[in-house]
Amino acid sequence: MLIAPRTDPVSAAHDRVYRGLRSQIMYGEIAPGQALTLRGVAAQFGVSMTPAREALRRLSAEGALTLSQSGRVSTPELGNDRIEELAALRSLLEVELASRALPRAHIALIDRLQTINARVAEDILRQDAVAYIRRNLEFHRTLYLRAQAPAMLAMAETVWLQLGPTMRALYGRLRRKDPPHFHRLIIAALKAGDEPGLRLAVRSDVTQGLRMLVG
């Protein structure tokens with residue numbers, strides 16, 4: 001009889017805290033420059049200091065949090081150069097992912113993207129910034145999964161993680177009332193099998209808003 005391996009409770013707690021904080025940061029639930037305390041994180045997730053400390057350390061290593069010389073942990077406040085760099089990374093990675101996904105873009109995928117985009121519109125009407133960011137990234141992730149390039153997608157998600165709080169600030173500045181225009185162009189290009197049009201639409205979608213922040 002096979003015996004299931006025991007789960008290390010400390011490791012499981014660390015993973016739960018890590019994933020929870022990672023989600024909050026990526027989807028803009030935490031503002032730029034907001035400080036996080038070890039005690040506060042431990043209390044929020046109902047864990048001891050050790051898994052909270054390991055989760056903060058891991059997220060700091062991924063660029064999702066900054067650690068000052070005094071030991072203060074906070075979400076990053078990105079300067080113009082850093083925003084430009086991350087926008088360029090999004091353009092490089094996501095355009096390539098979309099291009100690789102195009103040959104596998106079946107009707108069911110396109111229908112799914114249209115459904116997600118309709119929900120993006122609902123989030124905008126409710127002025128729910130966190131739901132909007134979450135759904136917007138779901139739109140992109142759903143497309144990029146068809147690229148079958150997991151290492152590249154993981155890199156793109158690391159960029160999203162570093163940009164999460166900044167995207168929340170961007171949403172507040174844009175005051176959106178309509179779904180992203182370039183999402184419709186992405187869907188149209190997928191339907192037409194138009195790779196140049198798809199690459200242009202994705203590049204425009206992932207960089208235009210960020211460039212408004214540095215402009």
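Is Tyr 27 buried or exposed, going by its relative accessibility? Keeping in mind that what we have here is a predicted model, the answer is that Tyr 27 counts as buried, because its relative accessibility is 10%, and the cut-off for that class is under 20%. As for where this residue sits, Tyr 27 belongs to the loop between α1, residues 9-26, and β1, residues 35-36. If we set aside residues up to four places away in sequence, Tyr 27 touches Val 130, Ile 133, Arg 134, Leu 137 and Arg 141. With Gln 148, on the other hand, the separation is 121 residues in sequence and 24 Å in space, taken from C-alpha to C-alpha.

Let me turn to the interior. In soluble globular proteins, nonpolar side chains tend to be buried together. In this model the largest nonpolar core has 66 residues, and those with the most contacts inside it are Leu 143, Tyr 144 and Leu 190. The element that gives the most to this core is helix α7, residues 150-174, which supplies 10 residues. Taking Leu 190 by itself, and leaving out its neighbours within four places in sequence, we find it in contact with Leu 102, Ala 105, Ile 110, Leu 113, Leu 143 and Leu 198.

Because Tyr 144 lies in helix α6, residues 129-144, while Trp 160 lies in helix α7, the pair ties together parts that are 16 residues apart in sequence. Both partners are buried: Tyr 144 has a relative accessibility of 1%, and Trp 160 has a relative accessible area of 2%.

Three strands form an open sheet in the order β1-β3-β2, with antiparallel pairing. The edges are taken by β1 and by β2, residues 66-67, and each has a single partner strand, so one side of each is left without a neighbour in the sheet. Between β2 and β3, the latter being residues 73-74, the antiparallel pairing runs over two bridges, and Leu 67 has Val 73 in β3 as its bridge partner.

Note on methods. Residues are numbered from 1 along each chain as its sequence is written. This is a predicted model: local features need pLDDT of at least 70, side-chain atom pairs count only at pLDDT 80 or more; totals for chains, interfaces and linings use all residues. Side-chain values use heavy atoms; hydrogens and water are left out. Helices (H or I, at least four residues) and strands (E, at least two) are DSSP runs, numbered from the N terminus. Buried means under 20% relative accessible area, exposed over 50%, partly exposed in between (1.4 Å probe, protein chains only). Contact means heavy atoms within 4.5 Å. A nonpolar core is a set of buried Ala, Val, Leu, Ile, Met, Phe, Trp, Tyr and Cys residues joined through side-chain atoms within 4.5 Å. Two strands pair if DSSP finds at least two bridges between them.
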